[in-house]
Amino acid sequence: QEKMHKLLEVYERLGGEEDIVNPANELIKEGHIQKLSAKNGTAQDRYLFLFNSMVLYCVPKLRLIGQKFSVREKMDIAGLQVQEIAKQNVAHTFSIIGKKRSLELQARTEEEKREWIQVIQATIEKHKQNSETFRAFNSSFSQEEEHLPDSSIASTSSVESMPGADGGGAFGGSDSCRKSSKSKRDKEKQACKSCSESFNSITKRRHHCKQCGAVICAKCSEFKPLADNSRHNRVCKECFLQLPASPCSPGVEAVGEQKKRLAAEKQSILAAENSLFSSYLQFLEKGKTWYKMWVTIPKTEPLVLYLQGSSQDGRSPRPIPLPGYEVSLPGSGEKFEVKNVFKLCQSHQTLYFSAEDEELQMKWMEILTKAAKGETEDTAEGLSNP
């Protein structure tokens, strides 16, 4: 709970620039630092946020309220190096070397420099240990190959990162297109296609559906033998339900059993006895039509709201991570044909719900407000499903 509060505070100070409100993220250290200019060696005021999986290199903004920092560079802990450097006439200096960029930094004192180096190095080592532990765990329970980027993306990245490969001359246009398409692919790969949760290198790893190519997480995937491959391939749940049984498959009965297990998992998530709180609510879809939805906050995920339509169309419940949302009543200019309306607002997204009565409306608003602040224990206290 305290970690989530810290993440929310940093999120606001960054003006919502980075999606850091994630239970897997942990803020390790933050503080002012000096950046040494590569051109003339002058010192510039900067600010570092060190997380368990990344470093955010920021520029301070001169504002009394609102956004305090602008993110200049995001550096993954994976592959990061930190080194002490000796420069003439400049004391307390060290460097951070990432995959794309290196920074020469200056601390205020020798003690502060040593502290930064030690804590960054410790974070790098811990990240390596966790990664090795998860790889060993996954390999012991699954024979699936570890996910690697497809060759076209890898080759494009390697060409762009090579010294001198600036796409000049006759290849300028194609280089620009490659960078544009790569940027689009990178954006699409930041979150799971099915549950929309952001990936990270430890608890939410990225996979590809071998049928449609969609980027998915392990929770939103199943294994199925495909016609051109006798091995079990990871596919998204939509493709799993649609694909016919192949000749090399274990048979219709086994596929049927997997489908039953999927349905049972879905019902387990939505079951009232496994929820902190749940009920039927009206949900405004795309600002046009109200639909009756089963809405629940699972005990296993007290910071996530799940929506499930009344029609059994095989779709997975829609998850909505609650941290960062604001819960309120509609404004005076917002008129609806239904009663007991409340809304969830975050950035440019607003979700509208309508409860059966005022008591249920107030109860949901109270619970969602606590969950949005990361107050999981308070959310769980004294709740009973209607």
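Is Asn 340 buried, partly exposed or exposed? I looked this up to open the notebook: Asn 340 is partly exposed, with a relative accessible area of 22%. My classes are buried for under 20% relative accessible area, exposed for over 50%, and partly exposed in between, with a 1.4 Å probe and protein chains only. The areas themselves come from the Shrake-Rupley method with a 1.4 Å probe, and for residues only the protein chains shown count as cover.

**Ground rules**

I am working on a predicted model, where local features need pLDDT of at least 70, side-chain atom pairs count only at pLDDT 80 or more, and totals for chains, interfaces and linings use all residues. I number residues from 1 along each chain as its sequence is written, and my side-chain values use heavy atoms, with hydrogens and water left out.

**Entry: positive phi**

I went back to Asn 340 for its backbone. Its phi is near 55°, a positive value in a residue other than glycine. I find Asn 340 in the loop between strand S16 (326–328) and strand S17 (341–346). For the record, helices (H or I, at least four residues) and strands (E, at least two) are DSSP runs, numbered from the N terminus.

I then turned to His 92, where phi is near 60°, again a positive value in a residue other than glycine. His 92 sits in the loop between strand S5 (81–84) and strand S6 (93–97). With 23% relative accessibility, His 92 counts as partly exposed.

**Entry: salt bridges**

How many salt bridges does the structure hold? I get 10, taking a salt bridge as a side-chain nitrogen of Lys or Arg within 4 Å of a carboxyl oxygen of Asp or Glu.

I started at helix H1 (residues 2–13), which holds both Glu 2 and Lys 6, 4 residues apart, about one turn of the helix. Their side chains meet in a salt bridge at 4.0 Å, N to O. Glu 2 counts as exposed at 58% relative accessibility, while Lys 6 is partly exposed at 38%.

Next I looked at Arg 108 and Glu 112, whose side chains meet in a salt bridge at 2.9 Å, N to O. Here I noted that Glu 112 is buried, with a relative accessible area of 15%, whereas Arg 108 is exposed, at 61%.

I also noted a network of salt bridges that links Glu 84, Glu 110 and Lys 113.

Which residue forms a salt bridge with Glu 366? I find Lys 370, with the closest N and O atoms 3.5 Å apart. Both residues lie in helix H7, 4 residues apart, about one turn of the helix. Glu 366 is partly exposed at a relative accessible area of 40%, and Lys 370 is partly exposed at 25%. I also checked Glu 366 against Ser 328: they are 38 residues apart along the chain, and their C-alpha atoms are separated by 9.9 Å.

I found Glu 358 in helix H7 as well. Glu 358 counts as exposed, at 53% relative accessibility. Its C-alpha atom and that of Lys 339, 19 residues apart along the chain, are separated by 8.5 Å.

Which residues form the negative surface patch that includes Glu 358? My list reads Glu 356, Asp 357, Glu 358 and Glu 359. Patches are made of residues with over 30% relative accessible area and no salt bridge, with like charges joined within 9 Å and nonpolar side chains (Val, Leu, Ile, Met, Phe, Trp, Tyr) within 5 Å. Lys and Arg count as positive, Asp and Glu as negative, and His and the chain ends are not counted; a charge is placed at NZ of Lys, CZ of Arg, CG of Asp or CD of Glu. Glu 356 lies in the loop between strand S18 (349–354) and helix H7 (358–372), and Glu 356 is exposed, with a relative accessible area of 72%.

**Entry: cysteines**

How many disulfides does the structure hold? I count 0, a disulfide being a pair of cysteine sulfur atoms within 2.5 Å. Cys 212 is in no disulfide, and the nearest cysteine sulfur, that of Cys 209, is 3.6 Å away. Cys 212 is partly exposed, with a relative accessible area of 43%. Cys 192, in turn, is buried, at 2%.
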